[in-house]
Amino acid sequence: MSVKADQAHLEELSETLAGFRTLLGKQQWTHNTSGILSNLHTLCGHLKTSECECTDGPLRQALEEFAHQPAAAWSVSVDIADSARQLIDEAAAYSFFSLTLLEILTAPGLDRRSQEAKAEGSYGELPRLAEARLELTISPHSARTFITRIRKAWSLNDSPSIDILGSHRRPTSCPLHRPDTFGRRGTGQGPD
């Protein structure tokens, strides 16, 4: 996937999740259930600042956490209305699809990995990503099952990874966020 196509997908993701957040804002929330809005706000914030490679780690982690949270965080809460649950399911499934798309198409060695995924069966074929996108319009639940099969064929994690090594650190080569003269990360506009 080219950088331009990658940016286009991230822009679409940002707009879609902002739309979900607007719809969710019309629901009734309590202190105990409003965490989902905070998580979505955090994810949308990472999408707005994804113009350089140093934001890739935090964006992917936020996307991963949001995509995987429905199974545990809020699905058993009786305080969340069914209409809100449906919107959250849809937003999380869309995030799961976007995470999968980014992981497949932006990692190095696409041709080699594509051949390996095809060897795992039909869910490893690239056109399955388009089918998964269409499945999102039918049901977030069936789409999630479909996406999970794709992820398995591509040998991708099924659950959020833990960032033990601190991959959120900015690379020193980032032109927007160069280190300043004191060794701290700067804004790219010289010493802070």
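Axes, in what follows, are lines fitted to C-alpha atoms, for helices over the stretch in contact, and the angles between them run from 0 to 180 degrees between N-to-C directions. This is a predicted model, in which local features need pLDDT of at least 70 and side-chain atom pairs count only at pLDDT 80 or more, while totals for chains, interfaces and linings use all residues. Residues are numbered from 1 along each chain as its sequence is written, and side-chain values use heavy atoms, with hydrogens and water left out.

**The chain as a whole**

The chain holds seven helices and zero strands, where helices (H or I, at least four residues) and strands (E, at least two) are DSSP runs numbered from the N terminus. Read along the sequence, the pattern is α-α-α-α-α-α-α. Of the 192 residues in the chain, 40% are buried, a word that stands for under 20% relative accessible area, as exposed does for over 50% and partly exposed for what lies in between (1.4 Å probe, protein chains only). Among the contacts (heavy atoms within 4.5 Å) with a separation of 6 or more, 63% are between residues 24 or more positions apart.

**The nonpolar core**

A nonpolar core is a set of buried Ala, Val, Leu, Ile, Met, Phe, Trp, Tyr and Cys residues joined through side-chain atoms within 4.5 Å. The largest one has 43 residues, of which Leu17, Leu24, Trp29 and Leu43 touch the most other members. Two or more residues each are given to this core by helix H1 (3–25), helix H2 (35–48), helix H3 (56–68), H4, helix H6 (127–135) and H7, and the largest share, 14 residues, comes from H4. Not counting residues up to four places away in sequence, Leu17 touches Leu40, Leu43, Cys44, Leu47, Ala91 and Ser95.

Two packed helices are described by the angle between their axes and the distance between the axes.

| Helix pair | Angle between axes | Distance between axes |
|---|---|---|
| H4 and H7 | roughly 20° | within 9 Å |
| H6 and H7 | about 165° | 8 Å |

The angle in the table makes H4 roughly parallel to H7, whereas H6 and H7 are roughly antiparallel to each other; angles under 35 degrees count as roughly parallel, over 145 as roughly antiparallel, 65 to 115 as roughly perpendicular and the rest as oblique. The crossing of H4 and H7 is left-handed, and the crossing of H6 and H7 is left-handed too, a term used if the near helix is turned anticlockwise from the far one by less than a right angle, with right-handed used if clockwise.

In the contact of H6 with H7, Arg128, Leu129, Glu131, Ala132 and Glu135 in H6 meet Ser142, Ala143, Phe146, Ile147 and Ile150 in H7. On the other pair, residues of H4 including Phe96, Phe97 and Glu103 meet residues of H7 including Arg144, Ile147 and Arg151.

Phe97 has its place in helix H4 and counts as buried because its relative accessibility is 5%. Leaving out residues up to four places away in sequence, Phe97 touches His9, Leu129, Ala132, Arg133, Leu136 and Ile147. The C-alpha atoms of Phe97 and Ala143, which lie 46 residues apart along the chain, are separated by 8.3 Å.

Glu103 is also found in helix H4 (residues 82–106), and with a relative accessible area of 16% it is buried. Apart from its neighbours within four places in sequence, Glu103 is in contact with Arg60, Glu64, Arg113, Arg151 and Leu156.
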